[in-house]
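User: I've got a model open and want to go through it with you. Can we start with the side chains and then move on to the voids?

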Amino acid sequence: MNKIARRTFVGSVLATSAATLLAPRSTRAAESRIEILVNEPVGTISPDIYSHFVEHLGGVVYDGLWVGEKSKIPNYNGIRKSLVDNLKKLKPGVIRYPGGCFADQYDWRDGVGPRDKRPTRVNFWADTKYKTTKAYEEMEGGPQKYESNHFGTDEFVSFCKMVGAQPYLAANVRSRDVRVFLEWLEYCNAPANLTTWSTERAKNGFAAPHNVSFWGIGNESWGCGGDFTPEEYATEFRKFTAWLPTYGVPLKLIGSGPNGGDLNWTRKAFEGLALKGSRQIAKLYGWGLHYYCGSTGQQVANEYTENEWYDLLERANRMESLIESHWQVMGEYDRERRVKLAVDEWGAWHKQDPDMPPAYLYAYAGTLRDALISAINLDTFQRHAEKVIMANPAQLVNTIHSLFHTYEDRFLMTPNYHVFEMYGAHAGATSLRTEFVAPKVGFTRLDAQRKEVPNSFWGLNGSASLKGKQLVVTVVNPHAKETREADIAIRGASIRSGESRTLTANDIHARNSFANPNALEPKNATVAATGTNLTYTFAPASVTRLTFALS
Ligand code: AHR
């Protein structure tokens, strides 16, 4: 190991604008350690783990994304300009559409052609089993009931092009047959004027094929997508994929994977596929895992105690064991490891902001707690770069774990957006084995009888990656009040210079609102580091990105 150059950077951090936000509430001794093993690569971090999801649900499409060409809200061909401009900066991987549960009710043919001729249908979310709480029953109006189909395949693909993302379409397995799927494929990918559907596409103004590579075979087929057993789903998958014309476009198929820890779904579905030979498993590009860590207490996004802060972070952290356990089961059937995980729905799911109209189902702007949940998830995907090929928080705008929040001409970026901006630096880099050692944080959780049960959570965690001479380390300090000083050792390389970017606030409930859209934003600072070791003090309740130039 090179000579150790030990520095303490508390001073330099506190001297910056980032630090002006932080009144350090107390400091633990440097009992924490981060060891970055530059010569131990884990795998390439797929740029598609910074992907997104858009469903016809509540205010996601109508208002969030689609405002219409005649709207006073600035737009590009009907698509909200502020959303496009800001999403583009994140270099999104793929965008999943049209659902979610909506996908297995959708007929893509309703959403193409002249807008005034498109049929109106009942939206899946008009009468939902998810709408079970008293608060929803009491809401006047309720979720959006009708689907105008004004936004469909062509508008969606145009949106993807505007932001530089790949489209990912989910086929309807529950209520439409294979033929409808094949015709969608043909409409999207067949060369112009070669077939009836590609002629139709050209007539609709899109002569060049959409070239859609990513196709989901159903969504949550264990639930809203058909209530199938895993064995039945395997049969459906084989049937839907038995013959697929490629039109020269490499197809990347994503199977409807498990709900959280349902290992039986993964096992039985893979077993069902293998009944017709391992080729059936090899058809899969990704196996979709869905995990929502839920909410706590009052369930409104910005109401929680300190214990509930930790409670939800700990639940978010379960993503790690889900990835590991499903990966192990998949490996029993896919020995060559051709199939990776696509975590195409994840996030925290709170109750709707009561200030938003009822039609904006599950819309809220999120808080610093949600930002830490984003960071915990992205760090997990980055640490498991060899297993996770894609990940999509649910959803992009105006629902659940969103990056944007809109209401008519009002628009803001949520704390989740800022984490995506910070973490995008890892895209395409090589994930490095990194060890975090820190004292655990204690908290209590209410059990079913509402009795407080002692619990604990890690004190520091994150991930590291290398791209050329740039080393990026992202770290979460979950402690609600205390800074965390850590010795960082870089094994196998030496630092020339460094900088930090930190998202935090004095109040763990901090968030952005329409009145104050920039209240919570990351701040930069210089880290005057050289050599192989440094000491860094992580702010309380923070997400930090350290970027080092290696010599
Ligand atoms: O993201 C909201 C819903 O959650 C999706 O439609 C469904 O797939 C999941 O249950």
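User: Is Tyr106 buried or exposed?

Analyst: Tyr106 counts as buried, at 5% relative accessibility. Buried means under 20% relative accessible area, exposed over 50%, and partly exposed in between, with a 1.4 Å probe and protein chains only. Some ground rules: this is a predicted model, where local features need pLDDT of at least 70, side-chain atom pairs count only at pLDDT 80 or more, and totals for chains, interfaces and linings use all residues. Residues are numbered from 1 along each chain as its sequence is written, and side-chain values use heavy atoms, with hydrogens and water left out.

User: How do the rings of Tyr106 and Phe102 sit?

Analyst: Their centres are 5.2 Å apart and the planes are at 40 degrees, so the pair is tilted. Rings of Phe, Tyr and Trp (its six-membered ring) pair if their centres lie within 6.5 Å; planes under 30 degrees apart count as stacked, over 60 as edge-to-face and the rest as tilted. Phe102 is buried, with a relative accessible area of 2%.

User: Which aromatic cluster are they in?

Analyst: One formed by Phe102, Tyr106, Trp108, Phe181, Trp184, Tyr187, Trp197, Trp215 and Phe240.

User: How many aromatic pairs does the structure hold?

Analyst: There are 32. In one of them, Tyr97 and Phe151 have ring centres 5.7 Å apart and planes at 75 degrees, so that pair is edge-to-face. The pair links distant parts of the chain, 54 residues apart: Tyr97 is in strand β5 (residues 94-97), Phe151 in the loop between β7 (146-147) and α5 (153-163). Helices (H or I, at least four residues) and strands (E, at least two) are DSSP runs, numbered from the N terminus. Tyr97 is buried at 0%, and Phe151 is buried at 0%.

User: What about the peptide bond from Tyr97 to Pro98?

Analyst: That bond is cis, with omega near 5 degrees. Another cis bond joins Gly99 and Gly100, with omega about 20 degrees. Pro98 is in the loop between β5 and β6 (121-122), and Gly100 is found in the loop between β5 and β6. Most residues other than glycine have a negative phi, and most peptide bonds are trans.

User: On phi, what does Asn193 have?

Analyst: A positive phi of about 55 degrees, although Asn193 is not a glycine. Asn193 is in the loop between α6 and α7 (196-203) and is exposed, at 54%.

User: Switching to voids. How many cavities are there of 30 Å³ or more?

Analyst: The structure holds 3. On a 1 Å grid over the protein atoms alone, a cavity is a set of points where a 1.4 Å probe fits but cannot get out; lining residues have an atom within 4 Å of a point. Grid points are joined across faces, edges and corners, and a volume is the space filled by probe spheres set on the points. The largest cavity has about 50 Å³ of space.

User: What lines the largest cavity?

Analyst: Its lining includes Tyr106, Trp108, Phe181 and Trp184. α6 gives the most, with 3 residues.

Notes: 1 Å grid on protein atoms, 1.4 Å probe; cavity = no way out; pocket = protein on both sides within 12 Å on 5 of 7 lines; lining within 4 Å.
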